[in-house]
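Please look over the model shown here. The report below covers its sheets, its domains and its chain contacts.

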Amino acid sequence: MSRIGVFTCHCGENIGATVDCAKVAACTRNVPGVVHSVDYKYMCSDPGQTLIKEAIKEHNLTGVVVAACSPRMHEPTFRAAVAEAGLNPYLCEMANLREHCSWVHGKADATTDKAADLIRVMVEKVKHNEPLHPIKVPVTKRALVLGGGIAGIQAALDIANCGHQVVLVEKSPSIGGHMSQLSETFPTLDCSQCILTPRMVEAARHPNLTLMTYAELEKLEGFIGNFKATIRKKARQLDEKLCTGCGLCTTKCPQKKIPDEFNEGLGRRGAIYVPFPQAVPNKPVIDKANCTFYRSGKCKVCEKVCPTGAIRFDQQDELVTLDIGAIVLATGFKVMRTDKFPEYGYGKYPDVIDGLQFERLASASGPTLGAMQRPSDGKAPETVVFVACSGSRDRSKGVPYCSKICCMYTAKHAMLYKHKMHHGKAYVFYMDIRSSGKDYDEFVRRAIEEDDVTYIRGRVSRIYEEDGRLVVKGADTLMGGEPVEIKADLVVLATAVQAQDGSEELAQKLHVSYDPYHFFAESHPKLKPVETNTAGIFLAGACQAPRDIPETVAQASGAAAKVAALFSRDELTREPQVAVVNRLPAPMFSYCVGCFLCQSACPYQAIEQEEIRGRDGSLLKTLAKVNAGLCQGCGTCVATCRTKAIDIQGFSNEQIFAELMTL
Amino acid sequence: MRIGYYPGCSLLGSSREFDESVRALAGALGLELVQVPDWNCCGASSAHVLDHKLSLALPARILAQAEAAGLEEILAPCAACYNRLASARDALDKDPVLAREMEKVIGRPATHKVRVVNILEVLDRFKDTLPGLLKVPFAHKVACYYGCLLVRPAKVLHFDRAEDPQSMDRLAAAAGAAPLDWNYKTECCGAAFSVTRTDLVARLSGKIVADAVRAGAEAILVACPMCQSNLDMRRTESNAYLGADHQIPVLFITQALGLALGIDANRLGLQRHMVPATFAPAAV
């Protein structure tokens with residue numbers, strides 16, 4: 001016979017103002033199976049919890065219903081309290097009187113009646129509750145970091161410094177990411193390469209860190225602590241052990257006019273190339289799409305000149321499978337290209353460039369070695385117009401969100417330009433200046449006040465070419481919408497930050513959620529900013545939302561801390577609310593008929609096939625079996641099962657029916 | 001092929017040559033124009049600044065008239081008429097309550113399903129037959145000027161690219177012309193300010209003419225009576241603003257196509273232009 005205690009909480013005024021809690025407690029005492037029912041102002045407080053603990057002992061309770069707020073908030077609190085009193089924590093349930101009743105109804109007798117009903121329902125459920133025990137799974141203490149930009153490098157180094165193994169996978173031939181392309185960084189104007197390249201070298205040398213450049217994640221299986229990742233190491237057409245990185249092959253390659261990705265198309269490279277001189281690793285790759293040998297079967301100049309004989313034209317991609325305990329996603333972002341803007345010439349004007357291209361023009365390692373020269377004819381631009389919010393905050397043609405970094409980098413660009421061309425004119429068209437951050441607004445003020453950059457609040461409606469110059473037409477909305485026309489030599493569009501190409505496919509491969517713009521979704525916008533909805537997969541940097549370097553580094557360290565916390569344990573404890581397939585003492589007699597509809601319905605690949613064999617080894621039956629490590633307890637299989645052979649522990653069909661029948 | 005025809009007031013008055021050239025061209029292409037019976041003013045640039053409902057009621061009646069006449073589609077060569085009719089149709093289509101209210105105002109039921117098309121859309125349907133009919137290729141460098149009303153708002157009209165339209169360029173090329181890439185394709189000509197603020201129109205239209213000349217055009221092609229009159233009739237004023245003497249003619253696309261099809265210049269109304277339609281190579 002059940003001996004259930006009911007504890008009704010006023011939640012201050014939240015419940016107490018519309019529900020007569022004393023009356024609810026009184027009438028609940030008459031519910032069959034309830035032996036104790038009280039109300040209290042704050043049940044989650046220390047005295048409230050003590051009330052529950054003492055009642056369990058005093059009345060020898062076999063189950064507890066706490067009628068209070070949402071179980072999302074305090075179920076763990078009350079279950080811990082119940083466990084302290086010696087009762088299995090899964091015999092404690094919550095009736096949600098706040099969100100489901102007091103907050104959505106006015107003060108009335110009906111509201112109180114509904115609260116009593118909600119409790120009655122939960123009492124019926126608890127009567128059918130069984131003691132459950134947390135599931136334990138082992139942990140592989142090796143992390144996988146996807147993306148070798150500053151986010152990935154930081155996360156990988158932090159994890160490695162905690163003493164754990166890390167594999168850093170980067171799809172391009174070198175780590176470094178977008179940060180390695182930047183000239184100087186805001187708000188201090190220190191050189192990006194000078195602060196990044198030492199980190200890149202550290203990553204390459206760290207004994208706990210394995211670098212896999214020119215590689216991509218092919219497949220991911222498994223679950224938190226027990227992932228199996230298949231990595232495709234793309235063929236560099238090179239024996240990396242023999243290559244000394246002398247660079248002779250790259251200088252002798254007859255292909256010299258391939259647009260250079262690292263320089264955002266402003267420079268040229270050969271078909272065998274190292275992305276940039278400070279690349280890590282400093283080993284070339286052959287771009288097969290553009291290589292003369294792969295296109296015509298002749299050439300092999302690189303092979304002839306290589307002093308160590310490291311070129312391998314017959315090298316194939318290699319698949320490597322690794323056991324992984326946790327994953328950090330740090331795949332970064334891309335910028336919208338200038339060809340997305342019809343009013344700015346559909347990308348047909350060479351002197352209308354995007355922010356990343358300007359970084360390369362201003363960089364000492366760029367195609368002009370840092371000299372201010374415009375792409376079309378190499379002339380030093382006397383007038384430069386910067387257009388902020390190009391595509392950002394533009395519902396009709398671009399993306400609705402703020403790209404966050406543009407206000408700051410546009411101020412930086414204008415400053416860098418003025419520092420190199422003192423007599424030049426720099427204009428910035430902007431909507432608002434969003435410069436919240438340490439020393440950020442001071443930085444923008446410096447651009448305006450000390451470096452004499454002209455800020456015009458208004459949009460640019462059109463850019464066209466006239467006599468070798470670009471005519472920029474806009475409006476000055478602080479001057480009553482006065483039309484402004486500027487003849488410029490170079491226009492820099494601060495184009496919108498977008499999710500990296502292939503983000504959607506990657507998210508689906510990893511079973512992580514993503515937003516409508518394909519940025520990966522965090523588990524909770526405030527309280528779980530580096531977690532994803534898939535346990536064991538964490539986020540760092542601009543793959544989640546537009547971010548600047550300081551934020552990216554902070555988030556990467558946050559993700560690393562989460563991984564280190566996970567790896568601090570030898571086994572993981574998981575909530576036992578997972579699916580189980582009915583398996584009567586003789587498994588032969590399970591209701592499961594082995595149709596495996598559940599297997600195709602399961603979004604987590606948690607359902608396996610189990611063969612039931614007789615004593616002579618003959619196959620009697622094949623049953624479904626749930627891998628408790630993978631199961632997330634979503635219940636899709638339960639709904640799919642034709643023979644009602646699957647149940648979620650703690651949410652069985654029997655329990656749900658009991659709840660409904662009592663109403 | 002048969003299509004409803006809504007000439008509007010401009011085509012009966014200041015832009016008679018647009019009407020003449022549309023009719024001449026339609027004849028040559030085998031397109032039967034059925035005038036919307038008892039049509040009224042579309043509201044033009046006045047109605048929608050005075051009264052929102054009036055600006056819907058006037059086109060609604062035209063659409064209802066066309067529907068009653070069994071027409072599924074009407075051609076409105078004037079860009080302003082086209083824009084007003086298409087906008088009203090879109091608004092009534094999206095708001096059934098408003099549509100019922102308009103039915104009461106105009107005193108007749110209407111489903112507002114009659115499609116409204118501009119002259120470029122209609123001519124585009126003949127892109128395969130045009131080359132075969134070509135007699136005298138219109139072998140000139142042309143700047144195709146679309147103005148603002150033909151392509152905007154894109155959400156309502158769904159016609160061509162709002163910033164860099166191409167449909168007229170394709171038609172001009174089909175007539176044997178060389179369409180140029182220039183900068184003022186969709187800039188404002190000053191429109192109805194022609195009467196009240198001639199100085200403004202002189203400046204705006206002057207810049208358009210100047211850029212066409214700069215690009216090396218021998219003619220400007222248009223598909224809007226207002227654009228044509230501002231670029232043509234206000235040439236004295238715009239030349240005065242520019243301090244230049246640009247004599248580049250401004251032709252309706254229908255006139256250029258008509259000439260290419262060998263139709264007599266007077267039947268196309270070319271004699272009615274202020275700037276004579278002679279094609280001296282432009283001085284760059």
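Two strands pair if DSSP finds at least two bridges between them. Helices (H or I, at least four residues) and strands (E, at least two) are DSSP runs, numbered from the N terminus. This is a predicted model, where local features need pLDDT of at least 70, side-chain atom pairs count only at pLDDT 80 or more, and totals for chains, interfaces and linings use all residues. Residues are numbered from 1 along each chain as its sequence is written, while chains are lettered from A and ligands numbered from 1 in the order in which they are written.

**Hairpin in chain A**

Two residues lie between β11(A) and β12(A) in their hairpin, and Gly225(A) has a positive phi near 80° there. The strands pair as listed in the table.

| Strand pair | Sense | Bridges |
|---|---|---|
| β11 (215-223) and β12 (226-233) of chain A | antiparallel | eight |
| β1 (4-9) and β2 of chain A | parallel | six |

**Open sheet in chain A**

Four strands form an open sheet in the order β2-β1-β3-β4 (chain A), with parallel pairing. At its edges stand β2 (34-40) and β4 (92-96) of chain A; each has a single partner strand, so one side of each lacks a neighbour in the sheet. Axes are lines fitted to C-alpha atoms, for helices over the stretch in contact, and angles run from 0 to 180 degrees between N-to-C directions. Ile4(A) sits opposite Val34(A) in β2(A).

Two helices are described against these strands. Helix α2 (residues 21-28) of chain A lies across β1 and β2 of chain A, at about 175° to β2(A). Helix α4 (residues 71-84) of chain A packs on the sheet and touches β3 (63-68) and β4 of chain A, making about 150° with the direction of β4(A). Contact means that C-beta atoms, placed from the backbone, lie within 7 Å.

**Domains of chain B**

The assignment gives chain B domain 1 (2-119) and domain 2 (135-272). Such bounds come from an automatic or database domain assignment. Over C-alpha atoms, the two domain centres are 23 Å apart. In contact are 23 residues of domain 1 and 27 residues of domain 2 of chain B. On the domain 1 side, α1 (16-29) and α4 (79-94) of chain B are the elements giving two or more residues. The largest share, nine residues, comes from α1(B).

**Between the chains**

Five residues of chain A are in contact with four residues of chain B.
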